[in-house]
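Reader: I am new to this structure. Please take me through the terms used for it, one at a time.

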Amino acid sequence: MKDIRSQLLALSEESIRDFNKKLCPDAGRELLGIRIPKLRQLAKEILKGDWETFLKEGAEQYHEEIILKGLVIGGARLPAEEKLPLIRDFVPKIDSWSISDTFCPSLKIKPKDLALVWEFILPYARSDQEFDVRFAVIMMLDYYITDEYAREVLQQLDAIRHEGYYAKMAVAWTVAELGVKYNDMAMDYLRGENHLDKFTYNKALQKMRESYRIDQEQKEELKRMKRS
């Protein structure tokens with residue numbers, strides 16, 4: 001595993017490190033400063049070999065080492081039933097929005113596995129850990145804003161009570177995406193007796209207003225709906 005560390009160090013860029021420090025002030029580990037496409041390419045190379053040993057024994061000192069493990073899990077060609085234990089082991093290592101938001105889309109959940117994965121992520125939405133909640137909500141955002149799941153997603157978001165900033169922002173972002181794709185349903189929810197706290201509610205309105213897919217008339221209504 002020393003060779004992986006040396007490759008990561010070689011890919012490090014000071015300007016990217018400085019930029020990422022500002023972008024990810026929540027990062028719980030030291031940042032090297034590596035572009036995500038380069039990490040994806042390295043993950044593909046690892047997957048050609050003994051990737052299982054890398055997941056078990058690979059170092060976890062740097063932020064990018066955690067992202068790399070997440071990308072390897074995402075790219076591993078395994079049935080969902082076999083991948084879920086790897087995801088379960090990985091989630092406690094998420095200590096930054098950037099890890100969660102890179103990891104979740106890399107999983108590429110297949111339609112036939114959505115029901116299984118839905119049941120898997122629901123307990124994380126009720127966790128008292130900020131990045132457990134973020135993981136669950138970003139999974140909903142990436143895979144479950146669909147005809148079948150949209151209403152269930154909204155119900156789950158409405159039940160989240162975590163006070164963490166990154167949990168709240170994930171909820172606001174996902175409510176806003178529902179507002180774009182399932183506008184009537186989301187607007188009924190936002191106009192009605194929802195249980196979003198003021199910060200999350202107002203952020204969801206703001207993100208909807210920022211979307212080019214929301215017309216000007218509704219943007220004006222959203223502005224009036226802001227809680228003071």
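Reader: In which helix is Glu 65 found?

Author: Glu 65 is found in helix α5. A helix here is a DSSP run of H or I with at least four residues, and helices are numbered from the N terminus. This is a predicted model, where local features need pLDDT of at least 70, side-chain atom pairs count only at pLDDT 80 or more, and totals for chains, interfaces and linings use all residues. Residues are numbered from 1 along each chain as its sequence is written, and side-chain values use heavy atoms, with hydrogens and water left out.

Reader: Why is Glu 65 called buried?

Author: Its relative accessibility is 4%. Buried means under 20% relative accessible area, exposed over 50%, and partly exposed in between (1.4 Å probe, protein chains only). Glu 65 therefore counts as buried.

Reader: What does Glu 65 touch, leaving out residues up to four places away in sequence?

Author: Glu 65 touches Arg 5, Leu 8, Ala 59 and Glu 60. Contact means heavy atoms within 4.5 Å.

Reader: What makes the pair of Glu 65 and Tyr 62 a polar contact?

Author: A polar atom of the Glu 65 side chain lies 2.9 Å from the backbone nitrogen of Tyr 62. A polar contact is a pair of N or O atoms within 3.5 Å; within protein, one must be able to donate a hydrogen and the other to accept it, and residues adjacent in sequence count only if both atoms are side-chain atoms.

Reader: Now the lysines. Is Lys 168 buried or exposed, and how do you know?

Author: Lys 168 has a relative accessible area of 12%, so it is buried. Lys 168 lies in helix α11 (residues 165–181). Beyond its neighbours within four places in sequence, Lys 168 is in contact with His 162, Glu 163, Asp 197, Phe 199 and Thr 200.

Reader: What is Lys 38 called, and why?

Author: Lys 38 has a relative accessible area of 34%, so it is partly exposed. Lys 38 lies in helix α3. Its contacts, leaving aside neighbours within four places in sequence, are Leu 11 and Glu 13.

Reader: What makes Lys 108 exposed?

Author: Its relative accessibility is 61%, so Lys 108 counts as exposed. Lys 108 lies in the loop between α7 (97–106) and α8 (114–125). Its phi is near 50 degrees, a positive value in a residue other than glycine. Most residues other than glycine have a negative phi.

Reader: How do you know that the length of helix α13 agrees with its residue count?

Author: The expected span of a helix is 1.5 Å times one less than its number of residues. For the 12 residues of α13 (residues 198–209) that should be 16 Å, and the end C-alpha atoms are 16 Å apart, so the two agree.

Reader: Which residues of α13 are buried, and what do they pack against?

Author: The buried residues of α13 are Thr 200, Tyr 201, Asn 202, Ala 204, Leu 205 and Met 208. They pack against α11, α12 (183–191) and α14 (216–224).

Reader: What lies at the start of α13?

Author: There, a side-chain oxygen of Asp 197 reaches to within 3.1 Å of the backbone nitrogen of Phe 199.

Notes:
Helices (H or I, at least four residues) and strands (E, at least two) are DSSP runs, numbered from the N terminus.
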